Amino acid sequence: MATQYGIQLAVHLISSHFGNLVAKVCDCLLRKGTLTLANIIRFTDLPPQQVKSCILVLIQHNCVQAYAMQQEVGFGEAPRVITQYTVLFYNILHQLRFAKFLAIVSEELDKECEEILEGLLQHGRLTPEQILDRAKSNQSGEPVVQDSLRESFIKLVRARFVERCPAPEPFLAPQSKEETPARKRGAKSAKLVEGPQTIEQRAIAAAAPMDAKRFSVIMNTGTDVDDSPNVAVGEKRKQDALELDKESGASCEKDVLWRANFEEFVRRLRHKACIANVKTRLDDGAAIVLSAMLEATRSEETKVKIENSVPLSMDTIFEGVMKSEAGRSMTLERVRSSLIQLGCAPGVTGVAESYSVDLKNIIELVQNDEE
């Protein structure tokens with residue numbers, strides 16, 4: 001839930017970037033909660049066309065998510081489908097971190113990748129063609145290599161710094177009465193394992209593509225089919241069919257919108273804060289071990305705010321430590337000592353010992369230092 005000061009900051013950011021009208025619509029959604037278009041018009045007292053334009057700007061910059069749901073009407077009447085708009089409060093605040101996001105890409109990838117990301121942060125959502133056209137226009141006076149730009153874009157996707165945009169308006173089916181949270185058995189009093197999701201949380205989850213699609217990219221490389229007469233007729237048909245599939249896929253990809261993956265950037269910043277805290281509070285060795293553990297398991301983290309790192313075997317941890325120049329001077333015994341410093345009690349996964357770090361505790365220490 002956004003606080004009063006949080007709402008004021010978010011509205012100020014929107015006003016600075018997109019003007020007072022868009023800020024007024026954003027303020028309405030932050031204070032009133034999820035609303036239909038008709039209710040936004042009623043509460044803001046703005047003309048319908050202006051409200052529509054403001055909502056489109058907020059959606060373009062990943063600050064609002066639309067979703068459709070079924071609304072019951074009077075007795076004997078068929079239910080109707082309405083569109084609701086929910087504001088994404090933390091996405092608005094991420095605008096304060098854009099410089100840090102660019103610094104991460106500059107440090108881990110290269111200048112070309114940084115420029116592509118900068119375009120996405122400025123424009124919110126772009127198609128691959130728009131991304132490449134913008135990158136080419138910015139490289140004035142230098143010969144532009146299309147393949148190089150494509151490769152830079154693919155690097156960003158592989159690093160999960162860039163993702164496909166969510167569905168524009170997912171439909172939320174009505175929940176049945178049976179769809180209640182699971183309860184723990186065996187307790188003296190039944191407790192809910194996890195609270196029920198809000199409608200807004202369900203909408204965001206429904207809009208998000210599966211990971212396999214979210215970070216999947218097909219870009220037309222312009223590869224020609226072999227038209228030489230030596231190719232057998234049957235083989236030529238197969239090649240033609242494959243080429244048609246590729247062209248169809250590339251054609252569909254032209255319309256796919258991409259955006260910066262805020263979730264991944266926040267994860268990287270969180271990891272950096274943990275490593276810096278450990279380096280200051282403990283020593284370089286513990287920081288190297290923690291960095292290796294987080295690097296090895298980053299893709300397996302299911303959410304940003306995990307409380308404990310993904311368990312790893314000693315062999316995997318030592319292998320990760322050896323990948324860094326500073327880590328190559330560490331012995332196995334030194335790594336074990338660093339794990340003890342980090343408070344890692346060995347657990348058992350299968351037949352091997354595994355180690356996990358209490359990240360929640362480190363983050364609390366970081367927050368205490370900031371106060």
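**Briefing: sheet, helix contacts and confidence**

Residues are numbered from 1 along each chain as its sequence is written, and side-chain values use heavy atoms, with hydrogens and water left out.

**Confidence**

- For the protein chain, the mean pLDDT is 83, and 81% of the residues reach 70 or more.
- Residues 221-233 are another stretch where pLDDT stays under 50, and here the model has ten contacts beyond four places in sequence.
- Please keep one caution in mind: where pLDDT is low, the predicted coordinates should not be read in detail.

**The sheet**

- An open sheet is formed by four strands in the order S1-S3-S2-S5, with mixed pairing. Strands (E, at least two residues) and helices (H or I, at least four) are DSSP runs, numbered from the N terminus, and two strands pair if DSSP finds at least two bridges between them.
- S1 and strand S5 (171-172) stand at the edges with a single partner strand each, so one side of each has no neighbour in the sheet.
- Strand S1 (residues 35-36) pairs with strand S3 (residues 80-87) in the antiparallel sense, over two bridges. Here Thr 36 has Gln 84 in S3 as its bridge partner.
- Strand S2 (residues 64-71) and S3 run antiparallel and are joined by eight bridges.
- S2 and S5 run parallel, joined by two bridges.
- Met 69 is a handy residue to look up: its bridge partner in S3 is Ile 82, and its bridge partner in S5 is Leu 172.
- Helix H10 (residues 199-207) lies across S2, S3 and S5, and runs at about 110° to S2. For such angles, axes are lines fitted to C-alpha atoms, for helices over the stretch in contact, and the values run from 0 to 180 degrees between N-to-C directions.

**H3 with H4**

- Helix H3 (residues 37-44) and helix H4 (residues 48-60) have axes that come within 10 Å and cross at roughly 115°.
- H3 and H4 are therefore roughly perpendicular to each other; angles under 35 degrees count as roughly parallel, over 145 as roughly antiparallel, 65 to 115 as roughly perpendicular and the rest as oblique.
- On the H3 side, the contact is made by Leu 37, Ile 40, Ile 41 and Thr 44, and on the H4 side by Pro 48, Val 51, Lys 52 and Ile 55.
- These residues divide into six nonpolar, one polar and one charged, with Ala, Val, Leu, Ile, Met, Phe, Trp, Tyr, Cys and Pro counted as nonpolar, Asp, Glu, Lys and Arg as charged, and the others, Gly among them, as polar.

- H13 contributes His 271, Cys 274, Ile 275, Val 278 and Lys 279 to the contact, and H14 contributes Asp 284, Ala 286, Ala 287, Leu 290, Ser 291 and Leu 294.
- By class, the contact of H13 with H14 has seven nonpolar, two polar and two charged residues.
- H14 and helix H16 (residues 332-341) have axes that come within 9 Å and cross at roughly 85°, which makes H14 roughly perpendicular to H16.
- Gly 285, Ala 286, Val 289 and Met 293 of H14 meet Arg 334, Val 335, Ser 338, Leu 339 and Gln 341 of H16.
- The contact of H14 with H16 has five nonpolar, three polar and one charged residues.

Terms used
This is a predicted model: local features need pLDDT of at least 70, side-chain atom pairs count only at pLDDT 80 or more; totals for chains, interfaces and linings use all residues. pLDDT is the predictor's confidence in each residue, from 0 to 100. Contact means heavy atoms within 4.5 Å.
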